[in-house]
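Look at the chain below before reading on. This report moves from the whole fold to single residues.

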Amino acid sequence: MSRPVALVTGGARRLGEAIVRRFAAEGWHVVIHCRTSGEEASALVAELPSAEAMICELADPAAALAMIERLAARLEDWRVLVNSASVFRPDEATALDPAIFAEAMQVNAGTPAAMAQAFLRLARSNEGRRVINLTDQKLANPNPDFFSYTVSKHALAATVPLMAMAADPADRVYALAPGAILPSHDQSPAETEISHRMNLLERRTGAEEVADAAWLLATGSLASGQTLFVDSGQHLLSQPRDVMFLAREERG
């Protein structure tokens with residue numbers, strides 16, 4: 001394997017797929033992690049010049065760590081881990097669902113943190129290693145919807161400066177915080193169009209912009225521990241509900 005390598009969790013669909021395509025376009029070998037999107041991952045592998053797919057259940061931290069160990073043992077230039085996979089299930093600040101909360105905290109925070117630690121400990125690269133954790137603009141613009149998801153993303157964000165402080169000087173740890181990019185749950189096209197313009201620039205932010213930001217963090221010279229928002233200024237607003245519901249209310 002002469003190419004630099006990036007592992008992208010949740011890389012078969014949505015933002016993960018956009019990030020996979022960005023790194024592949026730059027000549028990297030991309031490991032596409034998925035849980036249930038095996039067919040999409042295989043199709044993407046066949047389309048790209050250098051890629052492979054790995055199926056792993058991130059709710060099982062032991063399985064996730066075993067995946068990191070297997071990759072680290074055979075990859076000679078593994079530079080980047082992008083923790084993109086997450087669960088996004090509805091619950092409310094007034095009625096926490098214990099099962100949803102436990103799943104969100106494990107998949108969105110606990111397992112990515114453990115994977116990042118193992119990656120920084122085991123992966124080999126003479127160019128330094130980068131961890132990029134996808135969080136959410138909700139970190140700066142919170143609302144009570146999707147309570148467990150939001151809490152878990154706050155937890156993941158908290159690991160970034162801590163791990164950056166503890167990391168080797170050649171390594172860097174970042175958070176990448178997207179806004180409303182792709183349709184959520186049962187959003188109609190009309191609702192999506194409205195909700196995705198609820199930002200300071202009143203424009204839709206593209207998935208390719210998030211992928212470009214991931215590439216910048218992977219190859220640029222930003223100081224470790226930083227969070228990069230890609231949301232057309234949505235995080236600078238104060239929104240009382242998730243934009244999915246605000247758009248639905250606006251349509252009335």
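Contact means heavy atoms within 4.5 Å. Keep that cut-off in mind for A175. Leaving out residues up to four places away in sequence, A175 touches N133, T135, V160, L217, Q226, T227 and L228. A175 itself is found in strand β6, residues 172-178. Is A175 buried or exposed? Its relative accessibility is 1%, so A175 counts as buried, since buried means under 20%. Take T135 from its contact list. A175 and T135 are 40 residues apart in sequence, yet their C-alpha atoms are 6.3 Å apart in space.

**The whole chain**

This is a predicted model. The chain has eight helices and seven strands. Its radius of gyration is 18 Å, close to the 18 Å that the globule rule gives for 252 residues, so the chain is as compact as a globular protein of that length. Along the principal axes, the C-alpha atoms fill a box of roughly 55 × 35 × 35 Å.

How much of the chain is buried? Buried residues make up 53% of the 252 residues. The chain exposes about 11000 Å². Carbon and sulfur atoms supply 53% of that area.

Now consider contacts between residues at least 6 apart in sequence. Of these, 71% join residues at least 24 apart. Charges come next. The chain has 23 positive and 31 negative charges. The mean positions of the two sets are 4 Å apart.

**Aromatic rings**

The count comes to seven aromatic pairs. The rings of F23 and W28 have centres 5.1 Å apart and planes at 70 degrees, so this pair is edge-to-face; the cut-off for that label is over 60 degrees. F23 has 0% relative accessibility, so F23 counts as buried. W28 has 5%, so W28 counts as buried too.

W78 and F119 form another of the pairs. Their ring centres are 4.9 Å apart and their planes are at 65 degrees, so this pair is also edge-to-face. The W78 and F119 pair links distant parts of the chain. W78 sits in strand β4, residues 78-83, and F119 in helix α4, residues 98-122. The two are 41 residues apart. Both W78 and F119 are buried.

Which residues form one aromatic cluster? They are F88, F146, Y149 and F245.

Most residues other than glycine have a negative phi. F146, a member of the aromatic cluster, has a positive phi, near 50 degrees. F146 lies in the loop between β5 (130-134) and α5 (147-166). Its relative accessible area is 2%, so F146 is buried.

E202 also has a positive phi, near 55 degrees. E202 is found in the loop between α6 (189-195) and α7 (207-219). Its relative accessible area is 60%, so E202 is exposed. The cut-off for exposed is over 50%.

N141 is in the loop between β5 and α5. A140 has its place in the loop between β5 and α5 as well. How do their surroundings look? N141 has 2% relative accessibility, so N141 counts as buried. A140 has a relative accessible area of 40%, so A140 is partly exposed.

Neighbours within four places in sequence are left aside for both residues. N141 is in contact with Q234, H235, L237, S238 and Q239. A140 touches F229 and H235. A140 and A177 are 37 residues apart along the chain, and their C-alpha atoms are separated by 9.6 Å.

**Accessibility side by side**

| Residue | Relative accessibility | Class |
|---|---|---|
| A175 | 1% | buried |
| F146 | 2% | buried |
| N141 | 2% | buried |
| A140 | 40% | partly exposed |
| E202 | 60% | exposed |

Find each of these residues in the structure. Then go back to A175 in strand β6 and trace its contacts, including L217 and Q226.

Definitions and conventions
Residues numbered from 1 in each chain as written. Predicted model: local features only at pLDDT ≥ 70, side-chain atom pairs only at ≥ 80, totals over all residues. Heavy atoms only, no water. Helix = DSSP H or I, 4+ residues; strand = E, 2+ residues; numbered from the N terminus. Rg over C-alpha atoms; globule rule 2.2 N^0.38 Å. Buried < 20%, exposed > 50% of the residue type's maximum accessible area, 1.4 Å probe, protein only. Areas by Shrake-Rupley, 256 points an atom, 1.4 Å probe, with all protein chains shown as cover. Lys, Arg positive; Asp, Glu negative; His and termini not counted. Charge placed at Lys NZ, Arg CZ, Asp CG, Glu CD. Phe/Tyr/Trp six-rings, centres within 6.5 Å; stacked < 30°, edge-to-face > 60°.
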